[in-house]
Amino acid sequence: MRRDRSGGWIGGVCAGIARRYGIDPALVRLAFVVATAAGGFGIALYALAWLVMPAGEARPRRRLATGRGAIEVAFGTVLLLISALLALRATGIWFSDAIVWPLVLIAGGGVLIWRGSATAAPAPAEAPTAPLVRGEPEPRERPRLTRAAAAISRTGLGIALVIAAGVAFLQSTDALSAARDVILAVVAVVVVLGAIFAPWIVRLVRSLTEERAERIRSQERAEVAAHLHDSVLQTLALVQRRSTDPQEVAALARRQERELRAWLSERPAPGKAATLTPALEAAAAEVEERHGVPVEVVVVGERDLDPALEALVAAAREAMTNAAKFGAGSPVDVYAESNSGAVRVFVRDRGPGFDPAALPPDRHGVRESIVGRMERHGGRARISSDPDTGTEVELELPTRPDR
Amino acid sequence: MRAGRPDIPALVAGLALLALGGVLLLNALDAIDLGFGLFAPLACAATGAILLANGLSRSG
């Protein structure tokens, strides 16, 4: 077991324990906070663990529990914490009921609010990839709405816990009667303001929701267009070019069919790589095989693939394809580097070059499959082309702390 | 006979029930005075341990 400093807040003890046992780090943090509130043990335990656990990036032995497993882990941890608190209280190692129980409620509520806000806000890399069929409901819309509903209910429960903690504290310190007048005044003002502004607020919320749904739909259409351009359209172009060789045409069609079926059923394509280097090498090998142009790949650093990095690889593959098609047969060089701030990929050829600004609007290769795709996933693409030195496509994807 | 891996959730549940049973037996024999202050944390700990073991076993 190792401390996970990259995902931790202080020394990475809680993140390391959570990573090792595949549980939510928030639960481990809650346990330490509660242990600190009860008898001050949490600080001592944390300091001891900090000393004992070496720092490092160990691979998790378990994957994070989800669904029913996550609920059982959460309830189990909470029950164990309550048990420890009751035991400490019975043995007299206890500050005061008026302090500890409100603190426990606040810590629990804080964890729920934190988790709710983290779930509700989508990560910048979370881009839709599912296909859309006109007139049918969006396949990803239901899980997204379910996640949002779960986040809202978690946040609501968290807020209720925090309010209950405040009321319990005021009640135990006999300050509730004094605070009652103030609370009543605040509630009255909120009710009056709510009655006045409710129609505008409801309209604003609806408009924001509709705008967000439209943005998601437009991104999904762009993803579908980019994928079809990179796969089906290119295969059809190759089929036309090699129509004299029936065996090769059949092989191209079979490969495209497998890829398309995997994409439609949202399962990984056959032989899909799990990390950046093999994924780039596979893309280079495919371009080499299809276009007969040598592609040299050099990668410095390694990362596990996630949806954003998969998009980066797809954009790099499209850049390699363009270099192979329009580079006048010159070799294609691919250099990728991955560091703590970003992943960068450079694709270069020594062909005649082109003017990126003069591309016709119906050409999706550069505009959608490279530039648009990188922007949709929080990255950027820069293209520099010159008749003397050829074309260089630079793709950059900033890394998130958890990536 | 092939020796398989132990079923951790079942093992934890069994141990938790054994512990609870032992405490109840001691109480019946008047060896301890089992009040709410002692039984509540024990029951919470047993249930929590069983749930945690189940949840962790699901995550593989």
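Colleague: Which residues does A:Val313 touch, not counting residues up to four places away in sequence?

Modeller: A:Val313 touches A:Leu276, A:Ala279, A:Leu280 and A:Leu305, with residues up to four places away left out. Keep in mind that this is a predicted model.

Colleague: Where is A:Val313 found?

Modeller: In helix 10 of chain A, which covers residues 307–326.

Colleague: Is A:Val313 buried or exposed?

Modeller: Buried. Its relative accessible area is 10%, and the cut-off for buried is under 20%.

Colleague: And how far apart are the C-alpha atoms of A:Val313 and A:Ala279?

Modeller: They are separated by 6.9 Å. Along the chain, the two residues are 34 residues apart.

Colleague: What about A:Thr277? Which helix is A:Thr277 found in?

Modeller: Helix 9 of chain A, residues 276–291. A:Thr277 is buried too, with a relative accessible area of 17%. Leaving out residues up to four places away in sequence, A:Thr277 touches A:Val299, A:Gly301 and A:Glu302.

Colleague: Switching to charges. How many salt bridges are there over all chains?

Modeller: The count comes to 16. One of them joins the side chains of A:Arg376 and A:Glu223, at 2.9 Å from N to O.

Colleague: Which parts does that pair tie together?

Modeller: A:Arg376 lies in helix 11 (residues 364–376) of chain A and A:Glu223 in helix 7 of chain A, so the pair ties together parts that are 153 residues apart in sequence. Both A:Arg376 and A:Glu223 are buried.

Colleague: What is the relative accessibility of A:Arg376?

Modeller: 12%, so A:Arg376 counts as buried. A:Arg376 also forms a salt bridge with A:Glu368, where the closest N and O atoms are 3.1 Å apart. A:Glu368 counts as partly exposed, at 22% relative accessibility.

Colleague: Which residues are joined into one network by salt bridges that share partners?

Modeller: A:Glu337, A:Arg344, A:Arg380, A:Arg382, A:Glu394 and A:Glu396. Within that group, A:Glu337 forms a salt bridge with A:Arg344, their closest N and O atoms being 3.8 Å apart. A:Glu337 is partly exposed at 23% relative accessible area, and A:Arg344 is partly exposed at 21%.

Colleague: Now the interface. How many residues of chain A are in contact with chain B?

Modeller: 21 residues of chain A, meeting 17 residues of chain B. The area buried between the two chains is about 1400 Å², and carbon and sulfur atoms give 69% of that. Helix 4 of chain A (residues 68–91) gives the most to chain A's side, with 14 residues.

Colleague: How many salt bridges between chain A and chain B?

Modeller: The count is 0. For polar contacts, the rule finds 2 residue pairs across the interface.

Colleague: What is chain B made of, in helices and strands?

Modeller: 2 helices and 0 strands. Chain B has 60 residues, and 27% of them count as buried.

Colleague: And chain A, how many helices and strands?

Modeller: 11 helices and 5 strands. Of its 403 residues, 36% count as buried. Chain A exposes about 22900 Å², with 63% supplied by carbon and sulfur atoms.

Colleague: Last topic, the surface. Which residues form a nonpolar patch there?

Modeller: A:Val189, A:Val192, A:Leu193, A:Ile196, A:Phe197, A:Trp200, A:Ile201 and A:Val205. Together they have about 770 Å² of accessible area. A:Val189 is found in helix 7 of chain A, residues 176–241. At 47% relative accessibility, A:Val189 counts as partly exposed.

Key:
Residues numbered from 1 in each chain as written. Chains lettered and ligands numbered in written order. Predicted model: local features only at pLDDT ≥ 70, side-chain atom pairs only at ≥ 80, totals over all residues. Heavy atoms only, no water. Patch = residues over 30% accessible without salt bridge, like charges linked within 9 Å, V, L, I, M, F, W, Y side chains within 5 Å. Areas by Shrake-Rupley, 256 points an atom, 1.4 Å probe, with all protein chains shown as cover. Salt bridge = Lys/Arg side-chain N within 4 Å of Asp/Glu carboxyl O. Helix = DSSP H or I, 4+ residues; strand = E, 2+ residues; numbered from the N terminus. Buried < 20%, exposed > 50% of the residue type's maximum accessible area, 1.4 Å probe, protein only. Contact = heavy atoms within 4.5 Å. Buried area = accessible area lost by both parts, 1.4 Å probe. Polar contact = N/O pair within 3.5 Å; in protein donor to acceptor, adjacent residues only side chain to side chain.
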